[in-house]
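Me: I am new to this structure and would like to go through it slowly, one question after another. Please show it first.

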Amino acid sequence: MRAEFPDFRLGNVLATSFTGTLSERHGDAVERIPTPHRLVDWLAVNGLAVDSCTTAQLDLARELRESIHTAATAAASQDALPASAVQLINDCSAQGRAAAILTPEGKRRWRLSSASCVEDALSVIAADAISIIAGERDGKLALCASPTCQAAFFDTSRSRTRKWCDMNTCGNRQKKARFNANQRNNPRSAE
């Protein structure tokens with residue numbers, strides 16, 4: 001990965017990790033796939049390697065990302081799913097050519113053919129989004145408690161009460177702010 005770009009925020013759920021390529025949506029937004037090559041990098045890191053990406057494919061990927069974010073946010077809030085987001089997710093899911101394969105460890109992985117393109121990888125991401133938004137997987141959609149982030153994430157914790165999309169970023173930031181506020185309010189506690 002190139003040093004001039006922000007690190008990818010990787011998670012265990014492909015669709016919500018993909019929406020995390022734009023973070024801090026309600027603050028100083030951080031775009032983690034600003035170029036076509038950066039999308040190729042993200043796809044490779046997530047087991048969906050493709051050879052190249054055009055600007056139009058990057059635009060489609062960003063549209064899919066925002067549609068997944070919009071639909072996942074609505075689902076987490078128990079609101080109606082926006083028709084335009086559902087349509088784009090469905091269209092992307094239907095247009096790809098990828099095969100589900102079983103690994104020796106008993107896990108499902110996706111295999112793209114050697115001639116695969118970005119649309120094939122996006123179809124896998126869209127299919128993953130469909131499975132979590134439809135409630136087919138064990139877990140629940142939730143929204144990050146950080147007021148500047150509010151990213152949709154898939155909570156697979158035992159209690160389903162996770163607050164942060166990523167404890168290493170949003171969670172730590174909030175804990176640090178709370179600690180600093182306590183230190184200001186109780187200066188003797190530092191002694």
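Me: Which residues is Ser67 in contact with, leaving aside its neighbours within four places in sequence?
Reply: This is a predicted model, in which local features need pLDDT of at least 70, side-chain atom pairs count only at pLDDT 80 or more, and totals for chains, interfaces and linings use all residues. Residues are numbered from 1 along each chain as its sequence is written, and side-chain values use heavy atoms, with hydrogens and water left out. Contact here means heavy atoms within 4.5 Å, and with neighbours within four places in sequence set aside, Ser67 is in contact with Ala85, Leu88 and Ile89.

Me: Is Ser67 buried or exposed?
Reply: Ser67 lies in helix α3, where helices (H or I, at least four residues) and strands (E, at least two) are DSSP runs, numbered from the N terminus. The classes rest on relative accessible area, with buried under 20%, exposed over 50% and partly exposed in between, using a 1.4 Å probe and protein chains only. Because its relative accessibility is 10%, Ser67 counts as buried.

Me: At what angle do helix α3 and helix α4 pack?
Reply: Two packed helices are described by the angle between their axes and the distance between the axes. Axes are lines fitted to C-alpha atoms, for helices over the stretch in contact, and angles run from 0 to 180 degrees between N-to-C directions. Helix α3 covers residues 55-76 and helix α4 residues 83-95, and with their axes 8 Å apart they pack at an angle of about 125°.

Me: Which residues of α4 make the contact with α3?
Reply: On the α3 side, the contact is made by Leu60, Glu63, Leu64, Ser67, Ile68, Thr70 and Ala71. From α4, the residues that make it are Ala85, Leu88, Ile89, Cys92 and Gln95.

Me: Which residues does Gly96 touch, not counting residues up to four places away in sequence?
Reply: Gly96 lies in the loop between α4 and β3 (98-102), and at 21% relative accessibility it counts as partly exposed. Not counting residues up to four places away in sequence, Gly96 touches Glu119, Asp120 and Ser123.

Me: Which side chain does a polar contact of 3.2 Å join to that of Gln150?
Reply: Gln150 lies in the loop between β5 (140-143) and β6 (152-155), and leaving aside neighbours within four places in sequence, it is in contact with His26, His69, Leu143 and Cys144. A polar contact is a pair of N or O atoms within 3.5 Å; within protein, one must be able to donate a hydrogen and the other to accept it, and residues adjacent in sequence count only if both atoms are side-chain atoms. The side chain joined to Gln150 by the polar contact of 3.2 Å is that of His26.
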